[in-house]
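This report describes selected helices and strands of one protein model. The sequence and structure are shown first.

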Amino acid sequence: MPKLVIVESPTKARTIRGFLPAGYEVQASMGHVRDLPESASDIPEEVKGEEWSRLGVNVHANFEPLYVIPKDKRKVVKQLKEALKKADELILATDEDREGESISWHLQQVLQPKVPTRRMVFHEITREAIQEALQNCREVDEQLVRAQETRRILDRLVGYTLSPLLWKKIAPKLSAGRVQSVAVKLLVDRERERRAFKKATYWDLKADLQPRTASQAASFPAELVSLGGKRLASGQDFDPSTGQLIAGRDVVLLDQAQAEALRDRLLGKAWVVSSVEERPSTRKPAPPFTTSTLQQEANRKLRLSAQQTMRIAQKLYEEGYITYMRTDSVHLSEQAIRAARACVESMYGKEYLSPEPRQYTTKTKGAQEAHEAIRPAGSEFRLPSQTPLTGQELALYDLIWKRTVASQMAEARQTHTIVLIAVDDAVFRASGKRIDFPGFFRAYVEGSDDPEAALEDREVHLPLLRQGDPLSCLQLEPVGHETQPPPRYTEASLVKVLESEGIGRPSTYATILNTIMSRGYVRSMGNALVPTYTAFAVTELLEKYFPNLVNTRFTAEMEQTLDDIASGQADWLPYLRHFFLGEQGLEGQVKARELEIDSGLARSIYLENLPVKIGIGPYGPYVSVETESGEVRANLPEDIPPADLSAEHIEELIRRKQEGPKPIAFHPETQEPVYVIPQGPYGPYVQLGEVSEENKKPKRTSLPRGLKPEQVTPEIALGLLSLPRTLGEHPESGKKVQAGIGRFGPYVVCDGDFRSLPADEDVLTISLERALELLAQPKKGRGRGSAKPLRELGSHPEDGEPVTLHDGPYGLYVKHGKVNASLPKDLSPEAVTLEMALELLAEKEGSSAKGKGRSTGKAQAKASTTARKAEGAVPSAGSQKERTSQSRPSSNGTAKASHVQETAQTGSRPTILEVTPKARA
C-alpha cells in the first residue's frame with residue numbers, strides 16, 4: 001500500500017513528488033480544510049440560535065471554536081479520505097510554521113486516520129532536504145497549534161466585535177482588526193504630522209571651484225558651512241515634526257536677500273584650501289533576507305507590493321528555487337554558507353570572500369520559529385541565468401541570490417575626503433569619496449538594480465588638493481531650501497515600522513496591507529500610502545473609546561503573549577478570558593460604548609487649522625459649512641489628501657456648490673444647458689438639462705474611462721449625450737449597428753450582440769466598418785461562454801476537465817468549468833503554467849463560495865435577511881485575514897459540527913466532532 005503525503009498546494013505537490021521514493025502518493029489540501037464560519041450562512045442550523053454563534057467561538061464555554069468544512073473544500077476532503085483508505089501511513093508535510101502546523105492538526109481531526117501518522121518538516125524543497133526530512137519525522141506540535149488557534153480566536157473576537165460597531169456608527173463594510181487598525185493609525189498619525197508641519201526656508205551658497213595651479217583640473221562643488229565663526233543652519237537644525245528651527249540652536253540663518261548680499265561680497269575675495277582630511281571607513285553587507293526585509297527591498301527596487309512579493313516567493317519556494325519564505329531569521333545553515341562562499345570564489349575570486357564565514361543574529365522583536373533566512377535552495381546555488389525563470393520571478397530570485405551571496409563577501413573599504421575652503425569670514429566644504437576595495441558592492445548594492453552603475457555612483461572624485469592651495473571661483477549661487485514634512489509611509493517603510501515595533505508577524509503584512517486598501521482606509525499616491533478621511537474617522541473613534549486596541553505597545557505585548565503561549569510560558573485560556581470577558585474586557589467595553597457613541601459625531605472629522613466639519617457620507621467624504629441660507633455640503637475630491645486640504649480648497653468647493661455647475665454648452669435643438677458633473681455615485685458624467693419637478697431624471701452619460709471632467713469639450717459632451725448613436729445597418733441582417741457606453745464601458749452592438757471597444761477606439765468616432773470588424777470577431781466573455789481559448793494548459797487533478805487560457809476584455813484569465821480567475825496584467829500568455837492556473841482557480845473558488853452558498857430565490861433571500869436581522873450579520877472583518885499570507889487559500893463555506901465543552905479545570909483542547917454536512921433542500 002502507498003504512503004500518503006499531504007501538502008498545501010498542487011505546485012508543492014508536484015515538486016515534492018519528484019524527490020520521494022516509489023510508493024509515495026502526494027495530494028494537496030488546497031490550504032486549510034477547516035475554519036471558523038465566515039458568514040451567517042456558514043453557521044450550522046443547530047447552533048444558529050446561540051448568541052455566540054455569529055462569532056464562531058463559544059466564549060462562555062472556554063472559548064471553544066466552532067469549526068466548519070467550507071463548501072469548496074468538501075470535495076478535497078472527500079478525495080483525501082479516499083486516498084487515505086488506500087494508504088498504510090499518513091505523512092503531513094505542510095509548511096514549517098504555526099499556520100502549517102495548524103493545517104496539519106486540522107487534517108488529522110478531519111481525516112481521523114487509523115494508520116500511523118507522522119509530521120514531516122523542511123525549509124526547502126530539494127531532493128536532499130526532502131529525503132532528510134523523511135528520515136526525521138515527528139509528531140504534530142500541539143503547543144504551536146494552540147498558539148495559532150489562540151491567535152485565530154483573538155483576531156476573530158476583535159474583528160467580529162468591533163466591526164459591527166463601526167457599521168452602525170460610521171459606515172457599512174468597514175472593519176477593525178487587531179493589527180490592521182494599528183497600521184491604519186500609523187498612517188493617520190503621519191498624515192496628522194504632515195498637516196501640523198509648517199514649512200520654513202533657509203539659504204546657503206553653492207560654489208563651483210577649480211585649483212588655480214592646474215587649469216585643466218576638473219571643477220568641484222563646495223557648500224557654505226559657516227559664517228563669522230558660526231555654523232550655518234542646515235536641515236538638521238529644524239524640528240522634523242514642526243518644520244521650525246529648534247530653539248536654542250546657535251546658528252546663522254540666512255534669508256534670500258542676505259544670501260544674495262553675501263554672494264556679492266565674496267565674489268571678489270581670495271579662496272584658499274584651509275584643511276584636507278581623509279577618513280577611511282568600512283561597510284559590512286546587509287544580512288540575508290527575512291520575510292519583511294524581502295518585502296521592503298522588493299518594493300524599493302522592483303516596485304512590487306508586499307502581496308505580489310509573497311505570491312512570487314511562494315511560487316519560487318514551491319518550485320524548489322528558494323527556502324521557506326515566511327521567516328524572522330537571518331541565520332544561514334553551514335550548507336548555505338558553503339554554497340554562498342563557493343559562488344563568491346568562483347565569480348569574484350578569493351580576495352572578495354570575507355575572512356571568516358559570516359553569521360548574523362536575529363534582532364527582530366518576538367522572532368519565532370528557528371528557520372533559516374530566505375536564500376537560494378540547495379547545497380549549490382543556481383545562478384539566475386541558469387534557471388528558466390522569467391519576468392518578476394527571475395527578478396525576485398536574482399534579488400535573493402545577490403543578497404545571500406553578498407552576505408559572505410568581504411567588507412567594502414572606502415575613504416572619505418573632507419576639504420574646507422576659507423574665503424573672507426566664510427568657510428565652504430567639499431566632500432569626496434573613493435572606493436578602495438568594493439567588496440560586497442560587486443554583488444549587491446542596496447537601492448540599485450545595477451551594482452556596477454551603483455558602484456560608480458558611490459564615488460565622488462575631488463582633484464588632488466593640499467592645505468594652502470589657491471582656488472578659482474567659477475560660479476557662486478545662492479540656494480534656497482524648504483524644510484519638508486515627514487514623508488508618507490510606503491509599503492516598505494510601513495512594514496519596517498510594524499516589524500520594529502513588534503506588531504503582527506511578517507507573514508501577515510501582505511494581507512494587512514491588502515485589507516486596509518480594499519476597505520477604503522488607504523489609497524496609493526505614487527508609491528506613498530495616503531489614509532482616507534474614513535481612516536481618520538475610524539481611528540478617532542478607536543482612539544477615544546478603545547485606546548488600547550490602537551496602542552502600539554499594547555498590540556506588541558499581545559504579540560509577545562501569543563509567543564509565550566507558543567513556548568509554554570503563558571496559558572491561553574486565562575488570557576482570552578481576561579481580554580474578552582474580564583472586568584475591562586472587550587465584550588463589556590463594546591456594549592457600554594455603543595450607548596455612548598453618537599453616530600453623527602463619529603462620522604465627523606475636524607482637521608487641525610481647518611474650522612469646518614468633514615463628514616463621512618454614503619457617497620464619500622464631504623465638507624459642511626453653515627451659511628446665511630443654511631448648511632451647504634460639498635463632496636471632497638479624492639485627489640486632495642487630508643494633510644493638503646486647505647481653507648482655499650474648501651472655499652472653492654463651497655462656491656462651486658452654491659453657484660451650481662456652469663453649462664459647458666447648450667443643446668442645438670432643445671437649447672437645454674449641458675453640464676459636466678465631476679462627482680457622482682458612479683463617477684463623473686455629463687447631464688442634459690436641470691433637475692426639476694417636471695424633469696426629475698435628466699439624461700446623463702458617464703465619461704469614458706480615462707477622460708477627466710476638465711478635458712470634456714462642448715463637442716465631446718454633446719457627442720456623449722447623443723449616445724447610443726446609430727452607425728448604419730448590418731449588411732447581412734439589416735439590423736441597426738449602434739455605439740454606446742454601458743456598465744462595462746464603450747461598446748458596439750447589433751441585435752443584442754455586444755462587443756467592448758478596445759482602449760484605443762473612440763466611441764464617438766468609430767465607423768460602421770470598424771464596428772462590423774469587431775462584431776465579426778469571436779465574443780470575449782467575462783464569464784461563461786467565453787471565446788475559443790488561447791491554449792489548453794492541461795487537466796484539472798480533481799475531475800480531469802481541461803484548464804484553459806483565455807484573453808478577455810480585462811486581460812488574461814484561466815478557466816475551469818464555470819470558474820474563471822484573472823491573471824496578473826504583466827504576465828505573458830507563454831509564461832502561464834498549469835500549476836499557476838490551479839492555484840489561482842483554487843483561490844477564486846474559495847472567495848466565490850460565500851456568494852454561491854447563499855439562497856437565491858426571493859423567498860429564500862427574504863428568509864435569509866430576516867434570519868440575519870434576528871441573529872446579527874457576521875462581519876467580514878479584516879482581522880480574519882491578518883492571520884496568514886495571501887498565498888494560502890481562504891476558508892469559507894458551510895458544514896455542521898457538534899462540540900464538547902472543555903472543562904475549566906483541565907484546560908485541555910476542545911474536542912471538535914466532525915458531522916456530515918447537512919444537504920441543502
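In this predicted model, the cover over the buried residues of helix α22 includes the strands β24 (725-729), β25 (736-742), β26 (745-750) and β27 (753-756). Helix α22 comprises residues 768-776, and its buried residues are Leu 768, Ala 771, Leu 774 and Leu 775. Viewed down the axis of α22, these buried residues fall within an arc of 120 degrees, so they line one face of the helix. Glu 769 and Ala 776 are exposed and lie on the face of α22 turned away from the buried side.

Strand β11 pairs with β10 and with β12, as tabulated below.

| Strand pair | Residues | Sense | Bridges |
|---|---|---|---|
| β10 and β11 | 271-283 and 412-423 | antiparallel | 11 bridges |
| β11 and β12 | 412-423 and 426-437 | antiparallel | 11 bridges |

Between β10 and β11, Val 276 stands opposite Val 419. On the β12 side, His 416 has Lys 433 as its bridge partner. Strands β11 and β12 form a hairpin with 2 residues between them, and Asp 424 in this turn has a positive phi of about 55 degrees.

Helix α9 (residues 306-318) is mostly covered, with 10 of its 13 residues buried. Among them are Ala 306, Met 310, Ile 312, Leu 316 and Tyr 317, together with Gln 314, Lys 315 and Glu 318. At 1.5 Å a residue, the 13 residues of α9 should span 18 Å; the end C-alpha atoms are 18 Å apart, which agrees with that expectation. Gly 320 follows α9 and has a positive phi, near 85 degrees.

Notes: Residues are numbered from 1 along each chain as its sequence is written. This is a predicted model: local features need pLDDT of at least 70, side-chain atom pairs count only at pLDDT 80 or more; totals for chains, interfaces and linings use all residues. Side-chain values use heavy atoms; hydrogens and water are left out. Buried means under 20% relative accessible area, exposed over 50%, partly exposed in between (1.4 Å probe, protein chains only). Helices (H or I, at least four residues) and strands (E, at least two) are DSSP runs, numbered from the N terminus. The arc is that of the directions from the helix axis to the C-beta atoms. Contact means heavy atoms within 4.5 Å. Two strands pair if DSSP finds at least two bridges between them. The expected span of a helix is 1.5 Å times one less than its number of residues.
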